[in-house]
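Subject: Structure handover and notes

Hello,

Here is the structure you asked about, with the sequence. My notes follow below it.

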Amino acid sequence: MDTQTHWEKIYTEKAPDAVSWYRPHLETSLALIEKAAPDRSASVIDVGGGESTLVDDLLARGYENITVLDISQTAIEANRKRLPKASERVHWLVADITEVELETFAYNVWHDRAVFHFLTTANHRVAYVRQVARAVKPGGHVIVSTFGPEGPTKCSGLDVVRYDAASLHRQFGLHFRLLGSSKELHQTPFGTVQQFLYCYCRVEMSQSL
Ligand SMILES: C[S@@+](CC[C@H](N)C(=O)[O-])C[C@H]1O[C@@H](n2cnc3c(N)ncnc32)[C@H](O)[C@@H]1O
């Protein structure tokens, strides 16, 4: 089954709060986004946003320039329905992050919770990092969260790569300055606990794209 079909099936069959990665609010993500970009006019992209409530919380905090990208049309449509009026203020993109053509230097903040770790081939990881380098403004911030070294080896039935801060930062390289990292124990809706890692970087300079 290809990646898009897999995720369409997940979001068609499961309620938003019946997936292991669900939490009512992405508190750590929100805190890091507000730290990276206190200015509410900052452009923020949530990559692989799924059906998470991060977009709701960013709108509630006054962010005016939000993009949510996901490979699943079903997930994007569910967000639009949940936010009937406010959805007009959000840019929605249905795309594979390793293939989409994003605008150059479009974003102040790049956020990804639990997407990069699904990229199990070097080619896909390189394509992803190239996207970040192209799409985030120099001086902008990148927040990426994956399973940590003691996290699960699979998510949603798919293999994942687990990272610590050094190994995740190595994937991105020296143009991304690591400003901080933290680990979070995520309580799943099923009562189990998963270790997540958050890395928070600044894009240091423009580079050849
Ligand atoms: C584990 S879920 C996390 C959802 C959300 N970020 C959260 O924390 O609640 C992974 C999400 O990434 C999306 N996804 C997986 N591979 C993708 C890709 N190559 N491009 C874009 N989205 C992708 C899936 O559709 C799914 O919504």
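In which helix is H6 found? H6 belongs to helix α1. Please keep in mind throughout that this is a predicted model. H6 has 12% relative accessibility and therefore counts as buried. Leaving aside neighbours within four places in sequence, its contacts are M1, S156 and L158.

S156 sits in the loop between β6 (154-155) and β7 (158-159), and its phi is near 55 degrees, a positive value in a residue other than glycine. Most residues other than glycine have a negative phi. A114 is placed in the loop between β4 and α5, and at 11% relative accessibility it counts as buried.

Helix packing

Back to α1, which meets another helix. The axes of α1 (residues 3-13) and α4 (residues 73-82) come within 7 Å and cross at roughly 40 degrees. The two helices are therefore oblique to each other. On the α1 side the contact involves E8, Y11 and T12, which meet Q73, T74 and A75 of α4. Sorted by type, the residues of this contact are 2 nonpolar, 3 polar and 1 charged.

Which residues of α4 are buried? They are A75, I76 and N79. These residues cover an arc of only 100 degrees around the axis, which puts them on the same side of α4. An α-helix has 3.6 residues a turn, so residues three or four places apart point the same way. The cover over the buried residues of α4 includes α1, β2 (65-70) and β3 (90-94).

Cysteines

How many disulfides does the count come to? The count is 0. A disulfide is a covalent bond between the sulfur atoms of two cysteines, and the cut-off used here is a sulfur pair within 2.5 Å. For C155, the closest cysteine sulfur is that of C199, at 18 Å, which is too far for a bond. C201 is in no disulfide either, and its nearest cysteine sulfur, again that of C199, is 5.9 Å away. Are these two cysteines buried or exposed? C155 counts as buried, at 5% relative accessibility. C201 also counts as buried, at 7%.

Other residues to look at

A165 is found in helix α6 (residues 165-172) and counts as buried at 17% relative accessibility. Not counting residues up to four places away in sequence, A165 touches L178, S181, L197 and C199. L179 is in strand β8 (residues 176-187) and is partly exposed, with a relative accessible area of 37%. With the same exclusion of residues up to four places away, L179 touches H141, Y200, C201 and R202.

A165 and L59 are 106 residues apart along the chain, and their C-alpha atoms are separated by 29 Å. L179 and L59 are 120 residues apart along the chain, with 26 Å between their C-alpha atoms. N123 and G139 are 16 residues apart in sequence, and their C-alpha atoms are 26 Å apart in space.

Is N123 buried or exposed? N123, which is found in helix α5 (residues 122-135), is exposed, with a relative accessible area of 66%.

Regards

Conventions:
Residues are numbered from 1 along each chain as its sequence is written. This is a predicted model: local features need pLDDT of at least 70, side-chain atom pairs count only at pLDDT 80 or more; totals for chains, interfaces and linings use all residues. Side-chain values use heavy atoms; hydrogens and water are left out. Buried means under 20% relative accessible area, exposed over 50%, partly exposed in between (1.4 Å probe, protein chains only). Axes are lines fitted to C-alpha atoms, for helices over the stretch in contact, and angles run from 0 to 180 degrees between N-to-C directions. Helices (H or I, at least four residues) and strands (E, at least two) are DSSP runs, numbered from the N terminus. Angles under 35 degrees count as roughly parallel, over 145 as roughly antiparallel, 65 to 115 as roughly perpendicular and the rest as oblique. Contact means heavy atoms within 4.5 Å. Ala, Val, Leu, Ile, Met, Phe, Trp, Tyr, Cys and Pro count as nonpolar, Asp, Glu, Lys and Arg as charged, and the others, Gly among them, as polar. The arc is that of the directions from the helix axis to the C-beta atoms.
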